Amino acid sequence: MAAIDEHPTDEHPMTAAPTEFAPWLDQAWTDHADHPAAVAARIDAEGNALAAGDADVHALARLGHHVHGDHLGGEPAQLAAGRAQLVRLAAHPRAGDGARAGIALLDASLVLTGGGAPPQALGAADRIRVQALAASNLAERDSARAAALLQQALAEEEIAGLPDADPAVRALAMTGNNIAATLEEKSDRSADERALMILAARTGRACWARAGTWLETERAEYRLARTWIAAGDLVQARRHAQACLEIVREHGDVALEAFFGWEALGHVEAAAGNRVGHGEALAQARAAFERLDAGDQGWCRAELDKLAAR
């Protein structure tokens, strides 16, 4: 249950057809965690030529920022390489005002990730977005500092009283979801990582309720259920899994959302040793699975098998 992005449709004679960019970008995101250095190099070697508009350039910048700021370790040399790549992207012939403004925030977040100070001229909303980006970069390397940045962003957002539609609120929602999902996967979380995971999941839920629809809010409840399972508090996990399912029921019992709601509750009951509750949730997850189309069944089957194995 992840975030969304957008891609352009305009053409440019110096580039390949814009329809080639989206699959290239999807593949790069698929590869980036396992091959971050190669993906960083491919941005310059391949991505630049495929970028057909302002939004494409901005998408390349977000990918490069994430790879250099997070997956390549965040060392000074990698942060410097990431900033240099952002400079090149800002000079791309298809970069417009939107991409250049976004790149400026990405650059500021790499500065903050490395321990520097972002430009003093940033307004509250932009400062919050920069802090959220840096917190995401640091989540797995310095969870205490990541938590401090996220808390600072939340405090500044409260003081600023930003409207729900402000991009900073959405940035906080996405950051919360992404940090929590990442830390849930760790098998040996420290106390600081556990605290950050919970803070992030709660941030995602609070901010998606403002910046998203019922769908994002429901998925944030799912995220909280999985976070509390990982944190070892099954009472909280059960409460959020049930809240997820209640939202699904209120909005037409969409098969994919129902499947994951029951999947979350099934894992709660399995962790609690409740065989009857696990069996009931598994049966409901299977029923929802049967209502999925073939494409969704393909990628959900592994999750169903994991739940059954419990």
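Predicted model: local features only at pLDDT ≥ 70, side-chain atom pairs only at ≥ 80, totals over all residues.

**Two helices side by side**

Helices here are DSSP runs of H or I with at least four residues, numbered from the N terminus. The packing angle of H9 and H10 is about 165°, and their axes are 8 Å apart. The axes are lines fitted to C-alpha atoms over the stretch in contact, with angles from 0 to 180 degrees between N-to-C directions. The crossing of H9 and H10 is left-handed, meaning the near helix is turned anticlockwise from the far one by less than a right angle.

I then listed who makes the contact (heavy atoms within 4.5 Å). From H9 I noted, among them, Met197, Ile198, Arg205 and Trp208, and from H10, among them, Glu221, Leu224 and Trp228. By class, the contact of H9 with H10 has 10 nonpolar, three polar and six charged residues. Nonpolar covers Ala, Val, Leu, Ile, Met, Phe, Trp, Tyr, Cys and Pro; charged covers Asp, Glu, Lys and Arg; polar is the others, Gly among them.

**A note on the model**

Residues are numbered from 1 along each chain as its sequence is written, and side-chain values use heavy atoms, with hydrogens and water left out.

**Salt bridges**

How many salt bridges does a search of the whole structure find? I got 18, counting a side-chain nitrogen of Lys or Arg within 4 Å of a carboxyl oxygen of Asp or Glu.

I looked at Arg205 and Glu221, whose closest N and O atoms are 2.7 Å apart in a salt bridge. This pair links distant parts of the chain, with Arg205 in helix H9 and Glu221 in helix H10 (residues 214-231), 16 residues apart. Is Glu221 buried or exposed? Glu221 is buried at 7% relative accessible area, while Arg205 is partly exposed at 22%. Buried means under 20%, exposed over 50%, and partly exposed is in between (1.4 Å probe, protein chains only).

Glu263 and Arg226 also form a salt bridge, 2.8 Å from N to O. Here Glu263 sits in helix H12 (residues 255-271) and Arg226 in helix H10, 37 residues apart. Glu263 is buried at 1%, and Arg226 is partly exposed at 21%. I also found Asp31, Arg42 and Glu46 joined into one network by salt bridges that share partners.

I checked Glu184, which is in helix H8 and buried at 14% relative accessible area. Leaving aside neighbours within four places in sequence, Glu184 is in contact with Arg189, Met197, Arg223, Arg226, Thr227 and Ala230.

My last stop was Trp24 in helix H1 (residues 21-31), buried at 10%. Beyond its neighbours within four places in sequence, Trp24 is in contact with residues including Arg42, Ile43, Glu46 and Leu50. I also noted that Trp24 and Arg249 are 225 residues apart in sequence and 37 Å apart in space, C-alpha to C-alpha.
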